[in-house]
Structures are given as C-alpha cells and as structure tokens.
Amino acid sequence: MANGVWQATIVNANTGLPIPNAIVTVLDSATEEDAELFISRTSDTPLGSSSIAADENGFVRFYCAPGRYDINVTGAEDFYDVIILAAASAA
C-alpha cells in the first residue's frame, strides 16, 4: 500500500502570514506515539523523526501510512484527528 500525503502552508493564526521553517510534529491520534514520516509516496525508509520543518515559505509536505494523525505545529494552530488516506495507485 502506498503512503498518503499531507501538505500545507503553515501560517500564523493571528496574522495569516506564513511561518518560515515551522516545525511540524506528527503523532498517531489513537496512541499519541510518533508517526513514521517518509520523503515520498513509495518510500519504505522512514525519515527517522516524527518532526519535519517547513520551508522558507512555510510550506510543508510529508508522507505516512494511511491513518489518523495529530499534527502539532510550533507557532501555529494544530490539526487534530486528521485522516490521511492511501495514495491512489497509477493505472
């Protein structure tokens, strides 16, 4: 099964401005354990951390196994019980 993807531009909840290099930490919603993040849809080698940094424009993208996740962001609003679905396979 292919990894699912989540991506967003991280913005300050008060100003709406992007937060450069924001740290995003991903936890399994059910267990609150660190999620395994991957660099691509088909990668089977985890990044080695449940945290990833947004780029200089606040954009972040990660791949993970399908499931429900809590996505915590430094300096911005967190996302809870986010459903990440498996990526559709190419036909």
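The structure is a predicted model, in which local features need pLDDT of at least 70 and side-chain atom pairs count only at pLDDT 80 or more, while totals for chains, interfaces and linings use all residues. Residues are numbered from 1 along each chain as its sequence is written, and side-chain values use heavy atoms, with hydrogens and water left out.

We can start with the overall architecture. The chain contains zero helices and six strands, where helices (H or I, at least four residues) and strands (E, at least two) are DSSP runs numbered from the N terminus. Read from the N terminus, the order of elements is β-β-β-β-β-β. The radius of gyration of the chain is 13 Å, close to the 12 Å given by the globule rule for 91 residues, so the chain is as compact as a globular protein of that length. Here the radius is taken over C-alpha atoms, and the globule rule is 2.2 Å times the number of residues to the power 0.38. The C-alpha trace spans about 40 × 30 × 25 Å along its principal axes. Of the 91 residues, 34% are buried; buried means under 20% relative accessible area, exposed over 50%, and partly exposed in between (1.4 Å probe, protein chains only). Among contacts (heavy atoms within 4.5 Å) with a separation of 6 or more, 64% involve residues 24 or more positions apart.

The structure holds two aromatic pairs, a pair being rings of Phe, Tyr and Trp (its six-membered ring) with centres within 6.5 Å; planes under 30 degrees apart count as stacked, over 60 as edge-to-face and the rest as tilted. Trp 6 and Phe 79 form an edge-to-face pair, at 5.3 Å centre to centre and with 65° between the planes. This pair links distant parts of the chain, since Trp 6 belongs to strand S1 (residues 4–9) and Phe 79 to strand S6 (residues 79–84), 73 residues apart. Trp 6 is buried, at 12% relative accessible area, whereas Phe 79 is partly exposed at 32%. Ring pairs join Trp 6, Phe 62 and Phe 79 into a cluster. Phe 62 is also touched by Val 24, a residue of strand S2 that is buried with a relative accessible area of 0%. Beyond residues up to four places away in sequence, the contacts of Val 24 include Ile 10, Ile 52, Val 60, Ile 71 and Val 73.

Ser 50 is another contact of Val 24. Ser 50 sits in the loop between strand S2 (23–28) and strand S3 (51–53) and is buried, at 8% relative accessibility. The side chain of Ser 50 makes a polar contact with the side chain of Asp 34 at 3.3 Å. Such a contact is a pair of N or O atoms within 3.5 Å; within protein, one must be able to donate a hydrogen and the other to accept it, and residues adjacent in sequence count only if both atoms are side-chain atoms. Leaving aside neighbours within four places in sequence, Ser 50 also meets Thr 25, Val 26, Ala 35 and Leu 37, among others.

One salt bridge is present, defined as a side-chain nitrogen of Lys or Arg within 4 Å of a carboxyl oxygen of Asp or Glu. Arg 68 and Asp 81 form this bridge, with their closest N and O atoms 3.0 Å apart. The pair connects strand S5 with strand S6, across 13 residues. Both partners are partly exposed, Arg 68 at 43% relative accessibility and Asp 81 at 40%. Asp 70, in strand S5 (residues 67–73), is buried yet has no salt bridge, the nearest side chain of opposite charge being Arg 68, 8.6 Å away. In counting charge, Lys and Arg are positive and Asp and Glu negative, with His and the chain ends not counted. A polar atom of the Asp 70 side chain does lie 2.9 Å from the backbone nitrogen of Asp 81. Asp 70 also touches Phe 79 and Glu 32, among others.

Most residues other than glycine have a negative phi. Glu 32, in the loop between S2 and S3, has a positive phi near 60° and is partly exposed at 43%. Asn 21, in the loop between S1 and S2, likewise has phi near 60° and is partly exposed at 49%.
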